[in-house]
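Thanks for making time for this one.

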Amino acid sequence: MKKLLMIGSGICILFLASCNDSEGSDTATVNVRLTDGPAAYDAVNIDIQRIEINSNGQWTPLNFPNPGVYNLLNFKNGTDVVLGQAVLPAGNISQMRMVLGSNNTLVVNGVTHPLQTPSAEQSGLKFNWHQTLEANGAYTVWIDFDAGRSIVTSGNGSYILKPVIRTFSELTNGQIKGYVQPQAADAVVHAIVASDTIATAIPNNDGFFMFSGLSQGTYTVSYDASNSSGYIDESTSNVSVTFGQITNLGIKTLHQ
């Protein structure tokens with residue numbers, strides 16, 4: 001809308017008051033959260049110091065208010081933690097990277113071991129996230145850190161972090177949840193496509209398990225009881241997964 005301002009002795013100045021009002025934002029907001037796959041350890045402590053997102057070929061740091069040590073095993077079966085937020089120009093996202101500090105440890109049977117992180121403290125852990133950000137959009141992305149597959153033992157018995165990380169967003173998040181009983185079966189749950197195990201879950205004490213970040217498709221969910229428990233393995237076939245939905249399998253009870 002045009003307005004006239006009267007200044008001094010009747011001199012009029014014309015200005016455009018509405019030019020900026022009609023222009024939309026050319027940025028998008030990205031919220032980053034951390035989640036984890038299971039691991040047969042007491043704790044996997046990762047010292048996260050900085051996170052950056054590659055937007056249109058440029059690295060932009062995340063507004064990350066709480067750098068420090070995160071126990072990955074606190075964030076399994078659908079549990080996660082907010083890491084931070086970034087406001088980025090609309091366009092293409094290709095990668096993210098996580099820069100670690102030196103305070104990385106692994107706890108095995110109550111004993112704490114240093115966890116070696118080659119290059120992670122300098123160049124950072126790089127992993128792909130392909131997304132086109134639309135202007136004025138708001139996105140949530142999860143960093144899924146597979147602790148169980150990310151730790152290897154060296155020849156001298158030390159532990160090395162070789163990260164297996166994937167990312168998924170609300171637009172690419174297929175989920176399966178359920179319960180497996182009884183607790184005495186000490187079951188591990190797998191999501192399988194054909195003969196490939198796509199994801200593994202170690203249920204909570206109440207038997208609850210959840211898979212997140214699954215691709216759309218049809219899965220077999222297998223419930224593998226501990227060999228020493230005396231319970232029989234079972235499975236559920238033709239489990240359909242659709243982005244943006246949670247497939248609830250209810251309670252699976254294993255038998256001896």
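Before I describe any lining, a word on the classes: Ala, Val, Leu, Ile, Met, Phe, Trp, Tyr, Cys and Pro count as nonpolar, Asp, Glu, Lys and Arg count as charged, and the others, Gly among them, count as polar. Please also bear in mind that this is a predicted model.

With those classes, the lining of the largest pocket divides into 13 nonpolar, eight polar and six charged residues. That pocket has a volume of about 500 Å³, and of the 27 residues that line it, Gly 37, Pro 38, Asp 146, Ala 199 and Thr 200 lie nearest its centre. Several elements supply at least two lining residues each, among them β3 (27–37), β12 (138–146) and the helix α1 (147–150), while the largest share, five residues, comes from β18.

The second largest pocket holds about 200 Å³ of space, and its lining includes Val 180, Gln 181 and Pro 182 as well as Ile 202, Pro 203 and Asn 204. Here the division is six nonpolar, five polar and one charged.

Now to the sheet, where we meet β18 again: four strands form an open, antiparallel sheet in the order β18-β17-β20-β21. Because β18 and β21 (234–241) stand at the edges with a single partner strand each, one side of each is left without a neighbour in the sheet. From one strand to the next, the twist averages 25°. Within the sheet, β20 (residues 217–224) is joined to β21 by six bridges, the two running antiparallel, and Gly 217 stands opposite Val 241 in β21.

Notes. Residues are numbered from 1 along each chain as its sequence is written. This is a predicted model: local features need pLDDT of at least 70, side-chain atom pairs count only at pLDDT 80 or more; totals for chains, interfaces and linings use all residues. Side-chain values use heavy atoms; hydrogens and water are left out. On a 1 Å grid over the protein atoms alone, a cavity is a set of points where a 1.4 Å probe fits but cannot get out, and a pocket is an open set with protein on both sides within 12 Å along at least five of seven lines; lining residues have an atom within 4 Å of a point. Grid points are joined across faces, edges and corners, and a volume is the space filled by probe spheres set on the points. Two strands pair if DSSP finds at least two bridges between them. Axes are lines fitted to C-alpha atoms, for helices over the stretch in contact, and angles run from 0 to 180 degrees between N-to-C directions.
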